[in-house]
Amino acid sequence: EDVVKVVKQDFAGNAFTGAIKSDPLGVRHFSSKSSTYNWPQEAIYEGPFVGSTIVGSGKFTWPDGSVYEGQLNNGKRHGKGIFIAGDSVTKYEGQWFQGKRH
């Protein structure tokens, strides 16, 4: 049976809060519907991880105040989402494909 632990853990200076799941072979993965991953001075991600991959609906926040909220696949904006730049004026709402406006 899989073992799930909710942890707060440091990975090379990056902070993860969420569940780490061990598979039957003992390999550990980020696997949580509600997680936070913080890359200091780069970005904060809030949302799900599946098999240590950012997938589903989540939110990225950057130090300049820019925010993306919407669908993600393999850590990239993919599907419906909204990006608001740190100036709160520049905005794109719509479809994204592999990280780019579509």
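**Loops and aromatic pairs in a predicted model**

User: Is Ser-31 buried, partly exposed or exposed?

Analyst: The relative accessible area of Ser-31 is 24%. Buried requires under 20% and exposed requires over 50%. Because 24% lies in between, Ser-31 is partly exposed.

User: How far apart in space are Ser-31 and Thr-53, C-alpha to C-alpha?

Analyst: Along the sequence, Ser-31 and Thr-53 are 22 residues apart. In space, their C-alpha to C-alpha distance is 8.3 Å.

User: What is the phi of Gln-41, and in which loop is this residue found?

Analyst: Most residues other than glycine have a negative phi. Gln-41 is not a glycine, yet its phi is positive, at about 60°. At 78% relative accessibility, Gln-41 counts as exposed. Its location is the loop between β4 and β5 (43-50).

User: Is Ser-88 buried or exposed?

Analyst: Ser-88 lies in the loop between β8 (76-84) and β9 (91-97), and its phi is positive, about 60°, although Ser-88 is not a glycine. The relative accessible area of Ser-88 is 59%. Because the cut-off for this class is over 50%, Ser-88 is exposed.

User: How many aromatic pairs are there?

Analyst: Two rings pair if their centres lie within 6.5 Å. By this rule, the number of aromatic pairs is 15.

User: What is the geometry of the aromatic pair Phe-16 and Phe-49?

Analyst: The ring centres of Phe-16 and Phe-49 are 5.6 Å apart, with 80° between the planes. Phe-16 lies in strand β2 (residues 14-22) and Phe-49 in strand β5, so the pair ties together parts 33 residues apart in sequence. Both residues are buried. Because planes over 60 degrees apart define the class, the pair is edge-to-face.

User: How many residues apart in sequence are the parts tied together by Phe-30 and Phe-49?

Analyst: Phe-30 and Phe-49 form an edge-to-face pair, 5.2 Å centre to centre with 70° between the planes. Phe-30 counts as buried at 13% relative accessibility, and Phe-49 counts as buried at 5%. Phe-30 lies in strand β3 and Phe-49 in strand β5, so the separation in sequence is 19 residues.

User: Over the face of which ring does Arg-77 lie?

Analyst: Arg-77 is 5.6 Å from the centre of the ring in question. That ring belongs to Tyr-68.

Note on methods: Residues numbered from 1 in each chain as written. Predicted model: local features only at pLDDT ≥ 70, side-chain atom pairs only at ≥ 80, totals over all residues. Heavy atoms only, no water. Buried < 20%, exposed > 50% of the residue type's maximum accessible area, 1.4 Å probe, protein only. Helix = DSSP H or I, 4+ residues; strand = E, 2+ residues; numbered from the N terminus. Phe/Tyr/Trp six-rings, centres within 6.5 Å; stacked < 30°, edge-to-face > 60°. Lys NZ or Arg CZ within 6 Å of the ring centre and 35° of its normal.
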